[in-house]
Amino acid sequence: MKEIRFSKDQKERMVSKIKSYFHDELDQDIGGFEAEFLIDFFARELGPYFYNRGIFDAQQIFNEKAEEVGYVIQELEQPESY
């Protein structure tokens, strides 16, 4: 899997969310630099779990839709006359 990268805007929004979480939930302040390191850690160490789950979910949806298409195609079949 390729390294997970975020745009500058995405990273800024994530840093803001992490800083708010630390302040609101843990009653601690965290700097932007530390929050960026935390994002990089999560992306590197936990990102593959989320990515793989997304792939699994996409495969499940694809299989369900493919099965539906199979049924629709069967409905199009014409009866054979003897």
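Helices here are DSSP runs of H or I with at least four residues, numbered from the N terminus. The model is predicted: local features need pLDDT of at least 70, side-chain atom pairs count only at pLDDT 80 or more, and totals for chains, interfaces and linings use all residues. Residues are numbered from 1 along each chain as its sequence is written, and side-chain values use heavy atoms, with hydrogens and water left out.

**Helix α2**
- Helix α2 covers residues 32–76, and in it F33 and F37 sit 4 residues apart, so about one helical turn separates them.
- The helix bends by about 55° at L46, and the proline P48 follows within four residues. The bend is the angle between axes fitted to the seven residues ending at a residue and the seven starting there.
- A35, I39, A43 and G47 are buried in α2. Buried means under 20% relative accessible area, exposed over 50%, and partly exposed in between (1.4 Å probe, protein chains only).
- Helix α1 (8–26) is included in what covers the buried residues of α2.

**Aromatic pairs**
- The whole structure holds 3 aromatic pairs. Rings of Phe, Tyr and Trp (its six-membered ring) pair if their centres lie within 6.5 Å; planes under 30 degrees apart are stacked, over 60 edge-to-face, and the rest tilted.
- Y21 and F22 are edge-to-face, because their planes stand at 80°, with ring centres 6.4 Å apart.
- Y21 is partly exposed at 48% relative accessibility, whereas F22 is buried at 18%.
- F33 and F37 also form an edge-to-face pair, 4.7 Å centre to centre and 90° between the planes. Both of these residues, F33 and F37, are exposed.

**K11 in helix α1**
- K11 lies in helix α1. Its relative accessibility is 19%, so K11 counts as buried.
- Leaving out residues up to four places away in sequence, K11 touches F6, E36, I39 and D40. Contact means heavy atoms within 4.5 Å.

**The largest pocket**
- The largest pocket holds about 200 Å³ of space. A volume is the space filled by probe spheres set on grid points, which are joined across faces, edges and corners.
- On a 1 Å grid over the protein atoms alone, where a 1.4 Å probe fits, a pocket is an open set of points with protein on both sides within 12 Å along at least five of seven lines; lining residues have an atom within 4 Å of a point.
- The pocket is lined by 11 residues, and E3, I4, R5, D40 and A43 lie nearest its centre.
- Helix α2 gives the largest share of the lining, 4 residues.
- The lining has 5 nonpolar, no polar and 6 charged residues. Ala, Val, Leu, Ile, Met, Phe, Trp, Tyr, Cys and Pro count as nonpolar, Asp, Glu, Lys and Arg as charged, and the others, Gly among them, as polar.

Definitions and conventions
Helix = DSSP H or I, 4+ residues; strand = E, 2+ residues; numbered from the N terminus.
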